[in-house]
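This report describes one protein chain, from its overall form down to single residues. Please keep the sequence and the model in view while reading.

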Amino acid sequence: MSNTETHPTESICGAEADGPSPPGIEVITPRDVPLGGPRAMRVRRTLPQRARTLIGAWCFADHYGPDDVTESGGMRVPPHPHTGLQTVSWLFSGEIEHRDSHGVHAFVRPGELNLMTGGLGISHSEVSTDRTTTLHGVQLWVALPERHRDADRDFQHHAPTALALDGGGEARVFLGTLAGDTSPVRTFTPLLGAELTLDPAATVTLDVDPGFEHGVLVDSGDVLLAGTPLKPAELGYAAPGRTALTLTNRATEPARLVLLGGPPFPEEIVMWWNFIGRSHDDIVRAREDWMKGTRFGEVHGYDGAPLPAPELPNAPLKPRGRVR
């Protein structure tokens with residue numbers, strides 16, 4: 001799934017937690033975003049927000065479902081473009097058919113990573129399959145650093161093995177290294193990405209890189225991150241400097257989380273619609289190229305027209321970086 005908002009904006013809105021968090025812990029609440037037309041599937045977006053644009057190079061996090069596709073209509077996103085980023089698709093349930101202008105035809109399935117690189121430009125479509133009854137997962141973006149932001153088109157797939165965690169739970173490491181496991185998937189900056197499940201009443205302490213900042217997105221459960229409560233759909237932010245993260249599930253049912261991390265991204269970026277650049281002019285050129293049918297290639301096998309780009313806002317788009 002990509003950013004198919006009808007009226008995207010570069011303004012970043014969000015809310016912080018009610019009351020203070022311990023030093024280095026910040027709670028980011030999601031905002032609801034409808035994607036598509038009258039039967040739009042709604043997603044909960046925690047990145048970007050006014051309070052925080054990036055966690056490492058992670059710059060976009062949509063959390064959706066569980067959606068009954070008979071009610072929501074499922075996912076049907078026509079061919080659309082990307083520049084300057086990698087897309088990370090991770091499902092908890094359902095199945096999505098992926099086609100892109102790199103010639104890849106693949107499926108997104110639960111517990112399996114699909115990572116697409118759209119540096120200079122790529123286009124793709126995403127459609128939930130007829131086998132899907134419930135659609136539930138996350139869509140994440142990674143900003144490419146300046147020297148790689150025009151990288152070639154690429155697509156990688158990885159199905160990580162579930163690892164037992166001391167204290168009660170499992171981890172599936174889809175990017176980077178955690179709990180003794182390292183993903184083979186290539187990225188352009190150091191990253192961490194993992195799905196964690198915590199047993200009822202379990203407390204798990206994970207060794208992490210102190211040079212990384214981390215985000216914990218809660219899918220289900222009554223979770224504490226370093227003693228700070230997190231509700232489902234909230235994202236807990238831990239600043240660099242921690243050598244370990246302690247997670248507790250206070251619920252009587254298993255909890256499910258997505259752990260993200262990376263060293264602070266040193267560059268400012270401009271994000272608008274499905275494009276990442278460094279200036280307003282970068283975005284203008286990308287939009288023009290998409291509307292003219294150049295640069296992004298064609299998606300073969302999708303029955304329908306490409307998605308037109310929205311109109312740009314009247315005011316110039318401004319670069320944004322990490323919160324200092």
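Leaving aside its neighbours within four places in sequence, with which residues is T46 in contact?

## The surroundings of T46

The model discussed here is predicted. In it, T46 belongs to strand β4, which spans residues 41-47. Once neighbours within four places in sequence are set aside, the residues in contact with T46 are I28, T29, P30, A61, L217, A233 and L235.

Is T46 buried or exposed? Its relative accessible area is 1%; since buried means under 20%, T46 counts as buried.

## Overall form of the chain

The chain contains two helices and 27 strands. Its C-alpha atoms occupy a box of roughly 55 × 45 × 35 Å along the principal axes. The radius of gyration is 19 Å, which agrees with the value near 20 Å that a compact globule of 324 residues would have.

Of the 324 residues, 56% are buried. When contacts between residues at least 6 apart in sequence are considered, 73% of them join residues at least 24 apart.

## Surface and charge

The accessible surface of the chain amounts to about 13300 Å², and carbon and sulfur atoms account for 50% of this area.

## Strand β15 and its partners

Strand β15 covers residues 169-175 and is largely enclosed by the rest of the structure, because five of its seven residues are buried. Which strands pair with β15? One is β14 (residues 163-164), which runs antiparallel to β15 and is joined to it by two bridges. Another is β18 (residues 192-198), which pairs with β15 in the antiparallel sense over six bridges.

Individual residues mark these pairings. A164 stands opposite E170 of β15, and L175 has G193 in β18 as its bridge partner. Strands β14 and β15 form a hairpin with four residues between them. In the turn of this hairpin, G167 has a positive phi of about 105°.

Most residues other than glycine have a negative phi, and most peptide bonds are trans. Where does the chain depart from this pattern?

The bond from L47 to P48 is cis, with omega near -5°, and P48 is placed in the loop between β4 and β5 (58-68). The bond joining G65 and P66 is likewise cis, with omega about 0°; P66 lies in strand β5.

## Backbone geometry: positive phi

A226 is not a glycine, yet its phi is positive, at about 50°. This residue is found in the loop between β21 (223-225) and β22 (228-230). With a relative accessibility of 30%, A226 counts as partly exposed.

W273, also not a glycine, has a positive phi of about 50°. Its position is in the loop between β26 (270-272) and β27 (275-277). Is W273 buried or exposed? The relative accessible area of W273 is 3%, and this residue is therefore buried.

Methods
Residues are numbered from 1 along each chain as its sequence is written. This is a predicted model: local features need pLDDT of at least 70, side-chain atom pairs count only at pLDDT 80 or more; totals for chains, interfaces and linings use all residues. Side-chain values use heavy atoms; hydrogens and water are left out. The radius of gyration is taken over C-alpha atoms; the globule rule is 2.2 Å times the number of residues to the power 0.38. Buried means under 20% relative accessible area, exposed over 50%, partly exposed in between (1.4 Å probe, protein chains only). Contact means heavy atoms within 4.5 Å. Accessible areas come from the Shrake-Rupley method with a 1.4 Å probe; for residues, only the protein chains shown count as cover. Two strands pair if DSSP finds at least two bridges between them.
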